[in-house]
Amino acid sequence: MSLRRSLLSDSTTAVATHNPDLQHHFASMEQQQDASVMGMWVFLITEIMFFGGMFAGYMIYRYLYYPGFVEGSLHMDFWWGTINTVVLLCSSLTMAMAVRSAQTGQRKAIVGFLVVTIFFGLAFLGIKAVEYDGHWSEHQFPGHGFQLLDEYHQPSPYTSQAEVFFSFYWAMTGFHALHMVIGVGLVSWIAFHAWRGRYGPHYFTPVENVGLYWHFVDLVWIYLYPLLYLISNKHVSG
Amino acid sequence: MASFGVPIERENYLNKEYGISSWLLTTDHKRIALLYLLSITFFFFIGGFFALLIRLELLTPAGDLVQADTYNKLFTMHGQVMVFFFLIPAVPAVLGNFLIPIMIGAKDLAFPRINLLSWYLYAIGGLFMLYTILNGGADTGWTFYTPLSSQFSDSHVIAAALAIFIAGFSSILTGLNFIVTVHRMRAPGMTWSRLPLFVWANYATAIIQVLGTPVLAITLMLVALERIFGLGIFDPQRGGDPLLFQHLFWFYSHPAVYIMILPGMGAVSEIVTCFSRKRIFGYKFMALAVIAIAVLGFLVWAHHMFVAGISLYAAMVFSLLSYFVAVPSAIKVFNWTATMYKGSVSFETPMLYAFGFIGLFTMGGLTGLFLAALGLNVHVTDTYFVIAHFHYIMVGGMVMAYLGGMHFWWPKISGRMYPEFWGKLAAMIIFIGFNLTFFPQFVLGYMGMPRRYWQYSPEFQVLNVLSTAGATILAVGYVLPMVYFLWSMRYGKIADSNPWNAAGLEWTTSSPPTTFNFDETPLVTHEAYNYDELDEPKEVPVER
Amino acid sequence: MFENLPLWPARASTTAGSVDALYVFLVTISSIMCLAIFTMIVVFALRFRRRAGHRAEQIEGSNALELTWTFIPFGIFLFIFVWAAYIYFQERTPPKDSTEVYTVAKQWMWKFQHIEGHREINELHVPVGRNVRMIMTSQDVIHSFYVPAFRIKQDVLPGKYTIAWFHATKPGTYHLFCAEYCGTMHSGMIGEVVVMEPAQYQQWLSGGAATGSLANTGQGLFASLGCSTCHRFDTQGRGPNLTGLFSKQVLLEDGRTVSADENYIRESILSPAAKVVSGFKPIMPTFQGIISEEQLNALVAYVKSLNAPAAGAAGTPNLKPPTSQTPVTNQ
């Protein structure tokens, strides 16, 4: 893929016939863009199905083991989780602003917003690392040695149920974090190309598509947060 | 433009560039289709080799050819290789990749580089699968039931799961590519109602690939995590439920069987119309039927679990829905038959395969009614009856449709004709070998022989011997096309652009097509299967 | 039929006849359907074969025909569904007056515990003409209890009980196969069901089980494991009184109401916190890993026996619960 300077015209149709970004099998930039965005939407639907399996399993076990899920949720760090939610929401805002800047051809703005998005993404991952470290040192990882203490620092009667909760916690946030890492990588990649002047009104589909991916990963977290952190604010009587 | 055996070859997608990197770095959908052809054929013979060993072991009631563990690995690897590395990709990734852009008048798929990535993912998954095989394989059955797979098996479960996981992404990306291509790349005038049924079939398949495969991916991931980290989602001792695995697994694997059969049905529609010189009977119903199968196929998964411990009422719901999904398949069989009525029928090799498909798919499909019948399912599930049922559909149906399609489109793909006598002979050997292999298994199943048995009770021997005899005949039948297709690439009669006088945009391109398929974007002005406008073939266009 | 090539196993249960009838019906209509389609194809292929001067007639379709061959098959399918569902309903609804056998499946053998106390491995003796209810669980992976001659099959799961039942109609010895792949010797996990005339069966029963009845064994465990400490037979216990518990509707702490079947009793022993009875605290310790499946079966049998005679299972020895004055001794 060779790097080219963007053309200064901000009219798509004016450069359509000679747009160097038009791939040979498409008849027009409009068709290419349409197809590209549709492809990303279809991909996101597959991601919904991927996470969906875990969400389905979570719902079943939550119904069966509600007290254990409450106990597990009470051992989440409410504040870190809430801060992370705010962080991701802000990152979606800056991502959307980056797409807008690409559409209007403001090169410095694109790069700036993308860099801030990366920063928010890394902040999210850092906070997640802190949380994971905390859970790990409290032996809240399923398997031998799993332990859950109630508010009196005694092993909770719902320990084995809470272990199922934690299985889902680690699996779901783990896959989410993996998608965040990939997302940070993608945003970095287009930030680099944006800095080289690749995107403008004539061609900004990669920015739009990475934006779609980023919003999706954010949306998954919006569902994870209440399901994992906000089940109840009261211990189950015990 | 006909070449009539002119020795100077025109430029086409095969001779445009030479060298290994022009193949391994190609973005031409036709070359990618051939890359797939090589790889799936390779895996077909590996899976077939395992099948032969299984059938050899089953000649005698005692386990005397291989050890029990080895036998368990053989049927597991046979299933995994055949399902994930042959059946799922075969028609879509070979014929679909090659033909769909041309059939809709496009120069390529929507995302050519993702198409190549699909093949690489398939190849990497295939390498992992080879690694698994060479290191002894997995022994959980292709269905990976927990807690056997998540805790008790000490075979290469994770490697096998990883291989399938990676190949699954190949399938997802192909599906994604096809969906966007059919939506956005049709030539002017190619409306949805003018699409060839092969395109409809692959489109419906793509929807299933995109929605179903990710669930398999996460399910296999969870099994791997349970094995590595001891998570406990499927472990009853830790509050988990082994049945959750079965629900998640079959949620994909039932629609998966429709991924395997629908493209074959599409190929059969193309062949039956061409060799009856007639438009398809009931085009709208045929197109709607494949969509109905794709949608309804997602609603029946627990019919694999009627004795697994699900509730009585859940079982009734899934049984009822399974009868719903049988209806569109039946409609298709009737419509193919009706297409021949008042047609002008000839019996070239592709048509022989189409006949074989219709007959064997009908038998396999009817036995699906037996299995969906709750009270009867209890007796025959997990026996050879099920094995016979799905082999009738997968092998009697799908593989015959694939071979039929390969023969039909071979002149387009290679520019050469296959030898017609050998084509017919192989088709008949396959048909006979197939029935002898699998029909006895229906009886075996009803008599009570369970599946996945290394050793069996002596009263089952006679039928097992018949079945093994059939398998050897079937094997010969499969080797023949390998040999003569290769032979034809050097010595086959040179084909012109439309040796069958068939309808469809692919037959307006040269044989083989140029890299970009069309010199000019076609403008479509007629319905599919416009055989009223086409001449009869002047002579039977193939060598005797 | 043909002696050397049987098409189906012996019919040795009340279910076998109805299953075979449905099978024969399906074989018949499938054969008719196949014959019809194959004949049409052959006739069309020959009658409309390619001939010089004849062109195909382009026929678009026929809505009437499509609807006909949609709704008629659909109607037939619904008929099959209802017939088969009826048989299945019977297969999955054990009659109330069944004698019971507890089954523990493990890699790669079948262990049976009769309620009279007899234990068998890979061989199951049952009386002809009686309803037999199998209460089954697995020690490891999923297995499946399959007796072709009875036309019954039920997966056997770890962590819970599944139920199968049959009513044998012909004395004889019949195959028992494991029908869910379970590892190396799955094909060796086979056995025999020996159906005996009532008199012979009584004789076999009196041939002695060294231990007492299963419920007796359970009673001993109930004491030795300390269950009676909390589960007293008055209202003073820290745990619920178990008299008359079996098949009662139980109100739980979280408001749900569940039926106290075998699985409920089993789960309460292994994961007591899963379903806490209303009015009680989740203080019961778990016995997961402490008792074997066979011991669990004995305890379940004992708790079931605490019901009043009318509600008890036929053949289950009726054990009176000890009064609160009875000293509890470790055995």
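Let me start just after α4(B), where B:G136 has a positive phi of about 110°. Helices here are DSSP runs of H or I with at least four residues, numbered from the N terminus. This is a predicted model, in which local features need pLDDT of at least 70, side-chain atom pairs count only at pLDDT 80 or more, and totals for chains, interfaces and linings use all residues. Residues are numbered from 1 along each chain as its sequence is written, while chains are lettered from A and ligands numbered from 1 in the order in which they are written.

Helix α4 of chain B covers residues 112-134, 23 residues in total. From first C-alpha to last, α4(B) reaches 33 Å, close to the 33 Å expected at 1.5 Å a residue; the expected span is 1.5 Å times one less than the number of residues.

Next, chain C. The axes of α6 (262-270) and α7 (293-305) of chain C come within 10 Å and cross at roughly 120°. Axes are lines fitted to C-alpha atoms over the stretch in contact, with angles from 0 to 180 degrees between N-to-C directions. On α6(C) the contact is made by C:E262, C:I265, C:R266 and C:I269, and on α7(C) by C:L296, C:L299, C:V300 and C:V303. Contact means C-beta atoms, placed from the backbone, within 7 Å.

Last, chains A and B: 28 residues of chain A are in contact with 31 of chain B. On the chain A side, α1(A) gives the most, with 16 residues.

Definitions and conventions: Contact = placed C-beta atoms within 7 Å. Helix = DSSP H or I, 4+ residues; strand = E, 2+ residues; numbered from the N terminus.
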